[in-house]
Amino acid sequence: MLHLEVSRSRTSGTPQMVCYHNELAPLRVVRHPGPNMGKRFYGCPHWPRTCGFFQWLDECNDIRDLQFQLLEKECIISELQHENDNLKAEVGNLKKKLSQKQDVVDELSIECTERSLLMDEMFAKRRITYVLLFSWVSFAVCFWLKA
């Protein structure tokens, strides 16, 4: 990937390029005869032992636009990753709260079941009491009628 530094050179007004070594690539001029003679380009500062970085000066605007777009996309991705991390943390918190609420619901369910059993037991005792009372009253009435 080609790198473009945002600042411009103070002397020429041309953008400063950074090679794959992440060092400023000097602006050079083609010196050998041919169709590109006099054309300016950026090259790795470690030439001839180079990282392979090469860029014509007149192609820098296209690259600058693409690099700006890439930077924008990277910023968007970073923001979305941050938002995703926040949402994951929120989901974790909500799961924790849900678990706590489920524990409360389970405790209330156990308590309701226990109360229901106690009420059934109370009604059973009350029925037995009424049956005994009715049988004693019936016995007393029968005994009183025979006497």
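Guide: First a term: pLDDT is the predictor's confidence in each residue, from 0 to 100. This is a predicted model, where local features need pLDDT of at least 70, side-chain atom pairs count only at pLDDT 80 or more, and totals for chains, interfaces and linings use all residues. Residues are numbered from 1 along each chain as its sequence is written, and side-chain values use heavy atoms, without hydrogens and water.

Visitor: Which elements have the lowest and the highest mean pLDDT?
Guide: Strand β1 (residues 3-8) is lowest, at 40. Helix α1 (residues 60-146) is highest, at 90. Helices (H or I, at least four residues) and strands (E, at least two) are DSSP runs, numbered from the N terminus.

Visitor: And what's the mean pLDDT of the protein?
Guide: The mean is 84, and 86% of the residues reach 70 or more. Over residues 1-11, though, the pLDDT is below 50.

Visitor: New topic. What is the strand order in the open sheet of three strands?
Guide: The order is β4-β5-β6, with antiparallel pairing. Two strands pair if DSSP finds at least two bridges between them.

Visitor: Why is one side of β4 and of β6 left without a neighbour in the sheet?
Guide: β4 (27-29) and β6 (54-56) stand at the edges, so each has a single partner strand.

Visitor: How many bridges join β4 to β5?
Guide: Three, with β5 covering residues 40-43. R28 has F41 as its bridge partner in β5. β5 and β6 also pair over three bridges. There, G43 partners F54 of β6.

Visitor: Which residues line the second largest pocket?
Guide: R28, F41, G43 and F54 are among them, and so is W47. By class, the lining has five nonpolar, two polar and one charged residues. Ala, Val, Leu, Ile, Met, Phe, Trp, Tyr, Cys and Pro count as nonpolar, Asp, Glu, Lys and Arg as charged, and the others, Gly among them, as polar. A pocket is an open set of points on a 1 Å grid over the protein atoms alone, where a 1.4 Å probe fits, with protein on both sides within 12 Å along at least five of seven lines; lining residues have an atom within 4 Å of a point.

Note on methods: Contact = heavy atoms within 4.5 Å.
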